[in-house]
Amino acid sequence: MSVPTPLDVSQAHPRLTELTVVDVRTPAEFASGHLPDAVNVPLDRLARSLPELRRAAEHRPLLVVCASGARSENAVATLASRGIPASSLTGGTQAWAAEGHVLRYPEGSRKRAVWAMERQVRFTAGVAVLLGLALGLLLHPALALLSAAIGGGLVFSALTGTCGMAVVLGRLPFNRRGDGGRP
């Protein structure tokens, strides 16, 4: 059975039992609440998981999920380029929860709030820009180039649909906590 790309919450909810749900958020984000029976394959580990995802897609259609839908769309594009059909959940877990559907938490973990990766990137970029400006004013004008580098990185990220800062932040210990299953 094929799954159209993308699916909104009203389309995905009644079909959840016939889909393999793949959550591409960091383990910490996954631990903060995910769709029932979802498996966690963080976006930065997607390439290493292609054989498992290909096998899973042979049995049931893949539904790729993140917090808002942006990372899952990137993951679906990556999977499609490798011949693995998948759909993205429009609006991600935020839309799922907003519709009143239940989120699950890994056994043994307590419900805890974790900032979504997009929010972590915005915060880190903002701090780096302010730091570059402050250091440029207080210590040496050349240090303001840090702000320019962050701005250039944000433009590059927008043009390419990639985010190096998210990859780096995803490797920090607080984003690695939690355990998600694999397909």
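Let me begin with burial: a residue is called buried under 20% relative accessible area, exposed over 50%, and partly exposed in between, with a 1.4 Å probe and protein chains only. By that definition R71, at 10% relative accessibility, counts as buried.

The structure above is a predicted model, in which local features need pLDDT of at least 70 and side-chain atom pairs count only at pLDDT 80 or more, while totals for chains, interfaces and linings use all residues. Residues are numbered from 1 along each chain as its sequence is written, and side-chain values use heavy atoms, with hydrogens and water left out.

I turn to the overall architecture. The chain holds 9 helices and 4 strands; both are DSSP runs numbered from the N terminus, helices being H or I with at least four residues and strands E with at least two. Read from the N terminus, the order of elements is α-β-α-β-α-β-α-β-α-α-α-α-α. Of the 183 residues, 41% count as buried.

Next, the salt bridges. The term denotes a side-chain nitrogen of Lys or Arg within 4 Å of a carboxyl oxygen of Asp or Glu, and the structure holds 4 of them. Which residues does R71 meet in this way? R71 is linked with E29 and E118 in a network of salt bridges. The side chains of R71 and E29 approach to 2.9 Å, N to O. That pair links distant parts of the chain, since R71 belongs to helix α4 and E29 to helix α2 (residues 27-31), 42 residues apart. Both R71 and E29 are buried. In the salt bridge of E118 with R71, the closest N and O atoms are 3.5 Å apart. E118 lies in helix α6 and R71 in helix α4, so this pair ties together parts that are 47 residues apart in sequence. E118 itself counts as partly exposed, at 24% relative accessibility.

Another salt bridge joins R25 to D23, with 2.8 Å between the closest N and O atoms. R25 and D23 are both buried.

A pocket is found on a 1 Å grid over the protein atoms alone: whereas a cavity is a set of points where a 1.4 Å probe fits but cannot get out, a pocket is an open set with protein on both sides within 12 Å along at least five of seven lines, and lining residues have an atom within 4 Å of a point. The space in the largest pocket is about 660 Å³. Its lining comprises 28 residues, of which L43, R71, N74, C163 and A166 lie nearest the centre. Elements giving two or more residues to this lining are α4 (70-81), α6 (117-138), α7 (145-160) and α8 (164-170). By class, the lining residues divide into 12 nonpolar, 8 polar and 8 charged.

Helix α8 also holds G170, which counts as buried at 5% relative accessibility. G170 and M117 are 53 residues apart in sequence, and their C-alpha atoms are 7.6 Å apart in space.

Finally, the surface. L137, L138, L139 and L143 make a nonpolar surface patch of about 490 Å²; such patches consist of residues with over 30% relative accessible area and no salt bridge, nonpolar side chains being joined within 5 Å. L143 sits in the loop between α6 and α7 and is partly exposed, with a relative accessible area of 35%.

Note on methods
Grid points are joined across faces, edges and corners, and a volume is the space filled by probe spheres set on the points. Ala, Val, Leu, Ile, Met, Phe, Trp, Tyr, Cys and Pro count as nonpolar, Asp, Glu, Lys and Arg as charged, and the others, Gly among them, as polar. Patches are made of residues with over 30% relative accessible area and no salt bridge: like charges are joined within 9 Å, nonpolar side chains (Val, Leu, Ile, Met, Phe, Trp, Tyr) within 5 Å. Accessible areas come from the Shrake-Rupley method with a 1.4 Å probe; for residues, only the protein chains shown count as cover.
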